[in-house]
Amino acid sequence: MRDVIGLLDCHNSPGLGPLTHERDLASTSFLGRYAFMDFALSNFCNSEIETVGILVRDHQRSILKHTGNMLSWVNNTKTGRTTIFYNERGQLNEMYNSDINNIKENDWVLYDSNASYIVFLAPHVVYDLDIRIPLEEHIARHEEVTIVYHEIEDADQEFLGAYAVDVDKNGYINDIYINDGRKKKAKVSLECWIVNRTTLADLIRRHVRVNASFGMKDMIAYGLENGIFKIHAYEHRGYARRFDSLKHYVDYSFELLDRKVADTLFLDDWPIYTLTHDTPPALYGLNSKVENSFISNGCIIEGEVKDSIICRNVRIGRGSKISRSILLSNVAVGTNCAVTDAVIDKYAVVTTRHAVSGSLEDPVYLKQGDIL
């Protein structure tokens with residue numbers, strides 16, 4: 001699809017507590033072998049969108065480390081490309097570190113490409129989407145802006161702080177508001193926007209006059225409220241989660257240990273691509289025991305692991321028990337340790353006979369490189 005540019009917009013991602021203090025949410029490890037950005041980039045790739053840009057807000061290093069040669073999510077290595085969009089001026093003034101200002105700094109999207117449509121996705125909202133379907137509908141209806149939404153029954157607990165929409169009988173949005181948890185049922189935005197290139201250019205021209213600190217989602221809401229354009233609504237069905245806290249990171253990761261739930265995200269005809277690592281398979285000791293867990297390649301497991309997610313190159317010593325925990329890459333757990341309800345960041349070490357214990361409601365976090 002050469003008339004479409006996909007943009008992975010990292011500017012609006014919430015933090016996951018201390019887990020994202022030193023990295024962007026987009027490049028944060030998820031389910032042992034993935035990063036969050038993999039799901040959005042795979043949606044672009046599987047939808048045959050060949051030109052993709054990553055709008056980086058901060059922590060550029062962590063995103064570059066995960067993207068590698070950037071070919072993991074390109075379905076046409078001859079004409080396709082993935083490009084990092086970085087706004088240097090925004091680093092000097094946080095007020096102007098927005099997705100719109102980032103596009104301004106990388107304005108070839110508007111002026112040096114033949115694309116007619118720009119598709120925005122966000123890394124912190126995980127779901128599968130064949131973008132070709134809402135895009136075809138967008139084109140057939142001669143729309144200027146389309147928002148993809150998902151209807152939920154627990155809006156008092158999920159997608160808090162996200163945009164929600166009211167949709168009329170003709171499929172147009174007549175109101176955009178912040179989900180403050182007062183309603184149980186809501187149509188929440190998945191932060192997927194399909195925007196005509198000319199419409200995006202017009203929004204950017206208006207941007208400074210309206211509010212120089214506004215981002216794309218603010219300008220889209222402004223356009224609706226001021227009658228600049230109508231917004232078409234497209235409903236997504238299936239798995240969709242918004243990762244916006246450390247608690248949700250843990251809860252949503254563990255729910256995917258259930259095969260029935262995992263099968264709603266990992267579809268047979270919709271592969272999730274990621275950066276590959278040249279590491280050996282996991283090695284299990286004679287007395288090891290693993291139950292209901294994700295174990296990544298490169299691990300050496302000599303203890304017991306239950307209801308947990310173990311990332312690459314983790315070592316778990318003899319007699320140690322890991323339960324309801326997430327261990328990021330290159331963590332080392334010594335012998336006869338007990339780790340329960342914990343998130344242990346990469347390169348941390350839990351030495352012999354130590355215990356790390358949190359709770360279901362308040363998992364304990366060990367920061368990167370900690371030695372206990």
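Is Lys184 buried, exposed or partly exposed? Lys184 is partly exposed, with a relative accessible area of 49%. Here, buried means under 20% relative accessible area, exposed over 50%, and partly exposed in between (1.4 Å probe, protein chains only).

This is a predicted model, in which local features need pLDDT of at least 70, side-chain atom pairs count only at pLDDT 80 or more, and totals for chains, interfaces and linings use all residues. Residues are numbered from 1 along each chain as its sequence is written, and side-chain values use heavy atoms, with hydrogens and water left out.

**View 1. Lys184 and Asp156 form a salt bridge.** Their side chains meet at 3.7 Å, N to O. A salt bridge is a side-chain nitrogen of Lys or Arg within 4 Å of a carboxyl oxygen of Asp or Glu. Lys184 lies in the loop between strand S10 (173–178) and S11, and Asp156 in the loop between S8 and strand S9 (163–167), so the pair ties together parts 28 residues apart in sequence. Helices (H or I, at least four residues) and strands (E, at least two) are DSSP runs, numbered from the N terminus. Asp156 is partly exposed, at 28% relative accessibility.

**View 2. Glu48 pairs with Arg132.** The closest N and O atoms are 3.2 Å apart. Glu48 is partly exposed at 40%. Arg132 is also partly exposed, at 23%.

**View 3. Phe44 sits in the largest nonpolar core.** A nonpolar core is a set of buried Ala, Val, Leu, Ile, Met, Phe, Trp, Tyr and Cys residues joined through side-chain atoms within 4.5 Å. This core has 37 residues. Leu8, Phe44, Ile54, Ile63 and Tyr127 touch the most other members. S11 gives the largest share, five residues. Leaving aside neighbours within four places in sequence, Phe44 contacts (heavy atoms within 4.5 Å) Gly6, Leu7, Leu8, Ile49, Val52, Val119, Leu121 and Ile131.

**View 4. Helix H7 (residues 197–210) crosses helix H8 (residues 216–225).** Their axes come within 10 Å and cross at roughly 95°. Axes are lines fitted to C-alpha atoms, for helices over the stretch in contact, and angles run from 0 to 180 degrees between N-to-C directions. H7 and H8 are therefore roughly perpendicular; that word covers 65 to 115 degrees, with under 35 roughly parallel, over 145 roughly antiparallel and the rest oblique. Leu200, Leu203, Arg206, His207 and Val210 in H7 meet Met216, Met219 and Tyr222 in H8.
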